[in-house]
Amino acid sequence: EQLAAHDAFVRAEVLPKARTDFRLPPELYAYSLGQYGVDIPPARLAAMAHAAFTDLQKQMQQIAASVAKRRGFKSSDYRDVIRELKKEQFVGDAILPHYQKRLAEIEEIVRREKLVTLPTRAARIRLASEAESAGTPAPHLSMPRLVGNTGEVGEFVLPLVVPTGEGREQLQRFDDFTYEAASWTLTAHEARPGHEMQFASVIEKGVSTTRALFSFNSTNIEGWGLYAEAILFPHMPEEGRLVSLQHRMMRAARAFLDPELQAGKVTPEEARRVLREDVVLSDAMANQEVERYTFRAPGQATSYFYGYTRLMELRAEVERAQGKKFDQRAFHDFILAQGFLPPDMMRKAVMEGFVGKKS
């Protein structure tokens with residue numbers, strides 16, 4: 001009865017006053033970007049992302065041609081090669097053991113290549129419940145508490161289906177996460193050396209509440225996740241590198257589709273077409289993405305590309321300053337030890353506390 005009354009109230013009192021267009025006023029959208037840590041104008045962000053998107057397509061095409069030749073695929077177009085790889089789906093009980101094996105392989109690479117200092121304890125991976133999948137229908141880190149933590153750690157959660165339509169019995173399945181080639185980049189992003197490492201560093205190394213909670217911003221967090229994929233990229237097999245670039249391209253697509261949808265330059269239908277045909281996402285994933293840009297969290301999805309771009313720029317600056325003395329593991333450990341600082345503050349900390357101290 002309470003739910004019915006609330007529904008009636010929303011329809012009678014709220015809906016008549018609501019906007020009929022999903023687009024935010026330009027000033028409010030720019031403010032939203034800033035709240036997520038993106039400190040440049042939307043048009044500039046979109047231009048950067050378009051250029052990156054085109055470059056990534058070229059890189060993907062080169063790898064796809066090699067994969068197609070080696071595996072005997074009929075087409076060497078990167079879109080067709082990814083569709084072929086997606087046919088190798090894991091189902092049921094095979095999914096979790098595969099990701100656990102992949103994590104072990106990645107940790108061995110991280111140690112061998114001295115990418116970053118790993119925690120001594122094991123990372124956690126599990127499959128999501130149906131309810132969790134409905135709330136967050138994509139792989140994600142279940143974040144531990146940043147204040148009052150008593151030993152909780154993050155968990156890499158793998159949702160499999162998302163309820164859609166009029167009834168819970170109607171399920172729309174993703175094919176974007178549960179195949180072998182995708183497990184490299186997903187595990188690197190959500191587990192190690194990605195988000196699980198970030199939150200482990202904040203909690204286990206005693207980062208201040210100010211740097212952990214008050215400075216919390218999506219550009220830092222998602223930028224590190226995408227950067228984590230990139231530092232593992234050279235050590236992946238070809239199939240893994242192809243899908244890793246696909247996921248990086250998806251983040252570039254977000255960074256121009258999100259602001260261009262809000263500016264009225266593209267329609268939701270056109271955005272879904274780009275995501276399905278050029279990024280090669282499932283219908284379920286493409287629909288979820290457009291909902292994210294238009295009304296779930298306008299601006300947030302741009303933070304992956306922007307945070308990654310700023311981190312890559314910062315690394316290049318540090319390498320130029322230190323030359324042969326540059327130590328990537330020390331650099332990455334220092335970045336994680338700073339907590340969730342926004343880009344300009346992170347650069348200041350690195351140049352003063354890492355580069356300045358080293359020199």
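Reader: Where does Ser215 lie?

Author: Ser215 sits in the loop between helix H9 (209-214) and helix H10 (218-232). Helices here are DSSP runs of H or I with at least four residues, and strands are runs of E with at least two, numbered from the N terminus. This is a predicted model: local features need pLDDT of at least 70, side-chain atom pairs count only at pLDDT 80 or more, and totals for chains, interfaces and linings use all residues. Residues are numbered from 1 along each chain as its sequence is written, and side-chain values use heavy atoms, with hydrogens and water left out.

Reader: Is Ser215 buried or exposed?

Author: Buried means under 20% relative accessible area, exposed over 50%, and partly exposed in between (1.4 Å probe, protein chains only). Ser215 counts as buried because its relative accessibility is 14%.

Reader: Which residues does Ser215 touch?

Author: Contact means heavy atoms within 4.5 Å. Not counting residues up to four places away in sequence, Ser215 touches Thr210, Phe340, Leu341 and Pro342.

Reader: Now the sheet: what is the order of its strands?

Author: Strands of a sheet pair through backbone hydrogen bonds, either parallel or antiparallel. Two strands pair if DSSP finds at least two bridges between them. In this open sheet of three strands the order is E1-E3-E2, with mixed pairing. Strand E1 (124-127) and strand E2 (140-142) are the edge strands, each pairing on one side only.

Reader: How do E2 and E3 pair?

Author: E2 and strand E3 (residues 155-158) pair in the antiparallel sense, over three bridges. Ser142 stands opposite Glu155 in E3.
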